[in-house]
Amino acid sequence: TGDYLPLIQTDVAVNPGNSGGPLINMRGEVIGINSQIATLSGGYNGISFAVPIDEVMRVADQLRKTGKVTRGRLGVQISEVSKEVAESLGLGKARGVEVSLVEQGGPADKAGIKVGDIILRYNGQPIERSADLPRLVGASPIGSRATVTVWRKGKQQDIAVNIAQLEEERAGAKPAPKTPQTDAAPNALGLAVSDLTEAQRKSLRLEGGVRVDSSAGAAAAAGLRPGDLILQMNNVDIKDARQFNAIVAKLDPKRSVAVLVRRDNTTRYEVIKPRQ
């Protein structure tokens, strides 16, 4: 599917059954191994995809040496960085990938990578889209040490990570327990929030954050809903409901706001605008 291997797209006539055959250039060199075809008719008329030959040789080398293919694992779940999020966080243009989940006890967790970090580079290579990182990490030798460059709270920093082996998908953490709703009035964003209990913070491995009890107006339009946990706003960690509402009260109603939201097992930035 191209998740861990890039694919060469061509309009070469590849028929069903040709998978595993060579893709040859005009000099007679094998540059790829035919893998897939996208066609509406079921015939050759469509577009075809081949695994690049350097990737094929790397996989073949692993099979010869160990009898299996191994891929590196960072232990994070990622998503694309939108233009609005990039501007709100001071990144300028949309680049890198957003860390929406960090596997407990995984390589990233041990190294100090956090939910909400924007990964900009891996071993010096820029990450422009979400497909880049899995391919680079997957190609890393097991046990090697990689340098991950992240954007955190308006600053760029390098983090050293020991790469582990990719295994079967692990079960995610349990969803956040619900807290009693409050009668607090919605703020300028249309949000009414409440504090998390000490037990909930410990269970969720959080130092702060607030729970959304009701969502209306701009917040609802941005997709926030009751039960969401808000961890950051414009690069500022949220400690409790009082601090959160104080920050909202000082927002510029003409500017977008980047809010780091945790829902069930994933965390991502949502961009909303205060009510006029």
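Reader: Where does Lys-153 lie?
Author: Lys-153 lies in the loop between strand E10 (145-152) and strand E11 (155-162). Strands (E) are DSSP runs of at least two residues, helices (H or I) of at least four, and both are numbered from the N terminus.

Reader: Before we go on, what kind of model is this?
Author: It is a predicted model, where local features need pLDDT of at least 70, side-chain atom pairs count only at pLDDT 80 or more, and totals for chains, interfaces and linings use all residues. Residues are numbered from 1 along each chain as its sequence is written, and side-chain values use heavy atoms, with hydrogens and water left out.

Reader: Back to Lys-153. What is its phi?
Author: Positive, at about 55 degrees, although Lys-153 is not a glycine.

Reader: And how accessible is Lys-153?
Author: Its relative accessibility is 42%, so Lys-153 counts as partly exposed. Buried means under 20% relative accessible area, exposed means over 50%, and partly exposed is in between (1.4 Å probe, protein chains only).

Reader: Which residues does Asn-235 touch?
Author: Leu-89, Lys-153 and Gly-154, not counting residues up to four places away in sequence. A contact means heavy atoms within 4.5 Å.

Reader: Where is Asn-235, and is it buried or exposed?
Author: Asn-235 sits in the loop between E15 and E16. It counts as buried, because its relative accessibility is 17%.

Reader: What about Asn-234? Which loop is it in?
Author: Asn-234 is found in the loop between strand E15 (229-233) and strand E16 (236-237). Its phi is near 50 degrees, a positive value in a residue other than glycine. Asn-234 is partly exposed, with a relative accessible area of 28%.

Reader: New topic. How many residues of strand E17 are buried?
Author: 6 of the 7 residues of E17 (residues 257-263) are buried, so the strand is largely enclosed by the rest of the structure.

Reader: How does E17 pair with E18?
Author: E17 and strand E18 (residues 266-272) pair in the antiparallel sense over 7 bridges. Two strands pair if DSSP finds at least two bridges between them. Ala-258 has Val-271 in E18 as its bridge partner.

Reader: What sits in the hairpin of E17 and E18?
Author: There are 2 residues between the strands, and Asp-264 takes a positive phi near 55 degrees in this hairpin.

Reader: And E15 with E17? How many bridges?
Author: 4 bridges join E15 to E17, and the two run antiparallel. Ile-230 stands opposite Val-261 in E17.

Reader: Which residues have the most contacts inside the largest nonpolar core?
Author: Leu-189, Leu-191, Ile-230, Met-233 and Phe-244, in a core of 18 residues. E13 (191-195), E14 (210-215), E15, helix H7 (241-249) and E17 each supply at least two residues of this core. A nonpolar core is a set of buried Ala, Val, Leu, Ile, Met, Phe, Trp, Tyr and Cys residues joined through side-chain atoms within 4.5 Å.

Reader: What does Phe-244 touch?
Author: Its contacts include Leu-189, Leu-191, Ile-230 and Met-233, leaving out residues up to four places away in sequence. A second, separate core has 17 residues, among them Val-99, Ile-113, Leu-133 and Val-161.

Reader: Last one. Where does Gln-200 lie?
Author: Gln-200 lies in helix H5 (residues 198-204). Gln-200 is buried, with a relative accessible area of 7%. Its side chain reaches the backbone nitrogen of Thr-197 at 3.0 Å.

Terms used: Polar contact = N/O pair within 3.5 Å; in protein donor to acceptor, adjacent residues only side chain to side chain.
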